Amino acid sequence: MSKNICFIDGLEGILKYREIDVNELVDLPYDAISYLLIQGELPGEQELAEYSARLRGERKIDGRVVDVIRMCNFDIDAMEALRTIVSFMSQFDPDLNDNSPEGNMRKAVRLIARIPTIVATYYRMANGKEPITPDPALSHGANFLYMIRGSKPDALEAEILEKDFILSAEHELNASTFSSRITASTLSDLYSAIVSGLCTLKGPLHGGARTEVMTMLEEVACPENAEEFVLGKIERREKIMGFGHRVYKTYDPRGKIFKQLAKELAETKGDMHWYETAEAIENVAIRELVEKKGKPIYPNVDFYSGVIYKYMEIPPQLATSIFAIGRVSGWIAHCFDQYERKKIIRPRAFMLDEC
Ligand SMILES: CC(C)(COP(=O)(O)OP(=O)(O)OC[C@H]1O[C@@H](n2cnc3c(N)ncnc32)[C@H](O)[C@@H]1OP(=O)(O)O)[C@@H](O)C(=O)NCCC(=O)NCCS
């Protein structure tokens, strides 16, 4: 069953959700992809309308949760706050201890719907502004941008963020999904499993790489500096963030789509600066690492998505938590699969040497 949630061919650069290539899924609404991952098949028109209505109806967060967000240290990365708040929020969920499929589905809908509201509320407060009430008329992506900015986003930006959520939604047994599954395998509740995923996603070798990419773009500043920057990294044996992948030994298929979207956004804005800076880094890195050293190290999901965030003026402190907004549907799909198995995951220590 779990094999069906996601399929990756790391040599050919193929990614499928529930046996459908992501290139065929990326133009659909995020809600449809969330349904696909969790229910196993794409929703029909009526099913999508009902699922979207459920998600849109659950976006608001409890006043007590808002009060705790107000007490956060706003100098920290939004992931620190998100992890704490999701954990805090569980105690107000009437289905907390209902581990039936129906109870878990109700919690799943609340988690998917409310995580964007938590991130946006934290961001607004960190900037001395009052939170924006979610708008049920807007899509997942458009509503998130509306909640952080306080004004309705333009159609292209909303569409690109929706695609970002889709491309971040699922990636087989990556580190954070594995964490979530381990927690679910003990038959602990869904909130605990999602908090485990959040804790793991924040690391710089995983979801945190997107934040590092944005910081790197600032540091490199312009295409002319890319050569010296990349050569310096390689000489010091430091990693170039947003490059390389444990499974892909070719260009990450999500990276390819993000590159195209970043170009489209840059052209629409009439500002190629960040795109050209990123492309210059990519060209030098591929020349040095792939062509000269023969290492299969190409841009991954985090590289051009970082460029997109620069154009959308999303601060680096939000980058990983936006990844989490998309990924939560994938974590939940895996947790549901794990609950059905009713079997604890218990690897042996010698297996660590193979990781
Ligand atoms: C993703 C990642 C953790 C995969 O790691 P891995 O499969 O364990 O690969 P390794 O770290 O063992 O690297 C293998 C070789 O490639 C090199 N390499 C891997 N990623 C590199 C990168 N981003 N920049 C430069 N060199 C890199 C390593 O230095 C190593 O070289 P060596 O054999 O001479 O020692 C790794 O590529 C990385 O740290 N990338 C940067 C962080 C990132 O973007 N993470 C998001 C992943 S979606």
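Me: How is a pocket defined, and where does the ligand sit?

Reply: On a 1 Å grid over the protein atoms alone, a pocket is an open set of points with protein on both sides within 12 Å along at least five of seven lines. A molecule sits in a pocket if more than half of its atoms lie within 2 Å of its grid points. Here the ligand sits in the largest pocket. The model is predicted: local features need pLDDT of at least 70, side-chain atom pairs count only at pLDDT 80 or more, and totals for chains, interfaces and linings use all residues. Residues are numbered from 1 along each chain as its sequence is written, and side-chain values use heavy atoms, leaving out hydrogens and water.

Me: How many residues surround the ligand?

Reply: A residue is near a molecule if one of its heavy atoms lies within 4 Å of it. The ligand is surrounded by 17 residues, the closest being K239, I240, F243, R246 and K295. The shell comprises seven nonpolar, five polar and five charged residues.

Me: Which polar side-chain atom lies 2.8 Å from an oxygen atom of the ligand?

Reply: A polar contact is a pair of N or O atoms within 3.5 Å. That side-chain atom belongs to R246. A backbone N or O atom of G242 is 2.9 Å from a ligand oxygen atom, and a polar backbone atom of L205 lies 3.2 Å from a ligand nitrogen atom.

Definitions and conventions
Polar contact = N/O pair within 3.5 Å; in protein donor to acceptor, adjacent residues only side chain to side chain. 1 Å grid on protein atoms, 1.4 Å probe; cavity = no way out; pocket = protein on both sides within 12 Å on 5 of 7 lines; lining within 4 Å. Nonpolar A, V, L, I, M, F, W, Y, C, P; charged D, E, K, R; others polar.
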